[in-house]
Amino acid sequence: MLVDKWFAENTFHANEFEDLGRLVDIKRKRGTIISVGLPALNEEATIGGVISVLKRALMEDVPLVDEIVVIDSNSSDGTREVAAEHGVPVYIHQELLPEAGAPLEGKGEALWKSLCVLKGDLIAWVDTDVENMQPHFVYGLLGPLLREQRIGFVKGYYHRPLQAHGIVQHEAGGRVTELTVRPLLNLFYPLLSGLVQPLAGEYAGRREVLEAIPFFSGYGVETGMLIDLLEKYGLPTIGQVNLETRIHRNRPLSDLSLTAFAIVQVILTRLEERARMRLLEEVNRSMKLIRFEHDHLSLEVQAVRDVERPPIVTVPGYREGREE
């Protein structure tokens with residue numbers, strides 16, 4: 001019943017917030033600053049379109065967003081150059097917050113460190129591989145935060161077509177979500193069972209909420225974030241919004257296997273803490289991938305480990321930067 005009530009009260013549709021003038025009025029009355037962070041790794045083909053759509057609609061046409069910032073993970077293509085040509089600040093996450101020690105690889109690390117350079121009271125992150133970026137991908141996330149002060153974090157969800165060999169399967173996306181994450185959340189964190197797409201790359205939150213929770217460095221960042229938000233702030237503070245259809249680059253199954261493996265580790269890490277027992281050994285941090293090579297099979301061992309970064313507000317360098 002708790003999840004049913006939450007689902008009815010905390011599930012929104014982006015079109016509820018299409019009156020951007022009203023959102024701007026709320027923002028101004030509260031003196032709220034809004035940032036959009038764009039994590040990127042080799043997204044030369046799509047990042048320009050993402051920036052131009054959001055910048056034009058949400059900064060130039062309507063002053064809803066105060067800044068758009070790219071947080072690049074040391075791309076080897078022209079991602080940073082394209083972003084700079086579109087007139088937005090670009091940071092390499094490996095160069096940020098040196099006080100935190102050796103930089104880590106992964107999207108979660110980029111998001112965690114982006115809090116150092118994003119100025120907003122409300123922060124929205126959207127992926128940069130989206131081929132059909134629309135303004136409602138951002139204002140749909142911001143709407144519940146501006147309208148409903150009880151909500152501290154909003155997750156997007158959408159239809160995710162699967163494209164392969166020129167064929168589009170309209171309901172076949174989100175394979176890791178449906179085969180790994182949602183089943184495990186239903187088993188061990190049933191209060192999160194109403195989340196349609198816990199791995200969605202589009203989400204937004206209040207700064208004071210985001211800076212007070214840990215971030216896992218890699219693929220497990222979204223899952224860990226939801227579990228920690230639930231345990232620290234409670235289910236009623238989490239919302240989700242229908243963003244309709246999202247088209248992006250689909251990844252091969254071998255990559256998705258590694259993603260699922262990392263996410264399972266994150267869930268087991270949280271279960272270890274809850275049960276006060278050890279479930280993972282170091283040997284569990286490597287996965288044997290099966291490779292098909294011509295007429296024979298081979299095994300490739302790949303280490304997969306998400307490192308947990310502490311709440312960024314506990315890092316002296318971050319606090320000092322915020323006080324300047």
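Is glutamate 109 buried or exposed? Glutamate 109 is buried, with a relative accessible area of 0%; buried stands for under 20% relative accessible area, exposed for over 50% and partly exposed for what lies in between (1.4 Å probe, protein chains only). The views below come from a predicted model, where local features need pLDDT of at least 70, side-chain atom pairs count only at pLDDT 80 or more, and totals for chains, interfaces and linings use all residues. Residues are numbered from 1 along each chain as its sequence is written, and side-chain values use heavy atoms, with hydrogens and water left out.

**View A. Glutamate 109 and arginine 309 meet in a salt bridge.** The N to O distance between these side chains is 2.8 Å; a salt bridge here is a side-chain nitrogen of Lys or Arg within 4 Å of a carboxyl oxygen of Asp or Glu. Glutamate 109 sits in helix α5 and arginine 309 in strand β14 (residues 308-309), so the bridge ties together parts that are 200 residues apart in sequence. Helices (H or I, at least four residues) and strands (E, at least two) are DSSP runs, numbered from the N terminus. Arginine 309 is buried too, at a relative accessible area of 8%.

**View B. Glutamate 222 pairs with lysine 107.** This salt bridge comes in at 3.0 Å, N to O. It links distant parts of the chain, with glutamate 222 in helix α9 (residues 221-233) and lysine 107 in helix α5 (residues 107-114), 115 residues apart. Glutamate 222 is buried, with a relative accessible area of 6%, while lysine 107 counts as partly exposed at 27%. Zoom out a bit and you find both in a network of salt bridges that links Lys107, Asp127, Asp129, Glu202, Glu222 and Arg246. The count for the structure comes to 18 salt bridges.

View C. Glutamate 273 is partly exposed at 47% relative accessibility, whereas arginine 270 is buried at 3%.

**View D. Phenylalanine 153 and tyrosine 203 make a tilted aromatic pair.** The structure holds five aromatic pairs. To pair, rings of Phe, Tyr and Trp (its six-membered ring) need centres within 6.5 Å; planes under 30 degrees apart count as stacked, over 60 as edge-to-face and the rest as tilted. Here the rings are 5.8 Å centre to centre, with 40° between the planes. Phenylalanine 153 belongs to strand β6 (residues 153-159) and tyrosine 203 to strand β9 (residues 203-206), 50 residues apart. Both are buried, and together with Trp125 and Phe215 they form one aromatic cluster.

**View E. Arginine 274 lies over the face of tyrosine 189.** The distance to the ring centre is 4.8 Å. A charge sits over a ring if NZ of Lys or CZ of Arg is within 6 Å of the ring centre and within 35 degrees of the ring normal. Lysine 232 does this as well, with its charged end 5.7 Å from the centre of the tyrosine 233 ring.

**View F. Helix α6 is largely enclosed by the rest of the structure, because eleven of its twelve residues are buried.** Among the buried ones are Phe137, Tyr139, Leu141 and Pro144. The helix (residues 136-147) should span 16 Å at 1.5 Å a residue, and its end C-alpha atoms are 15 Å apart, which agrees. That expected span is 1.5 Å times one less than the number of residues.
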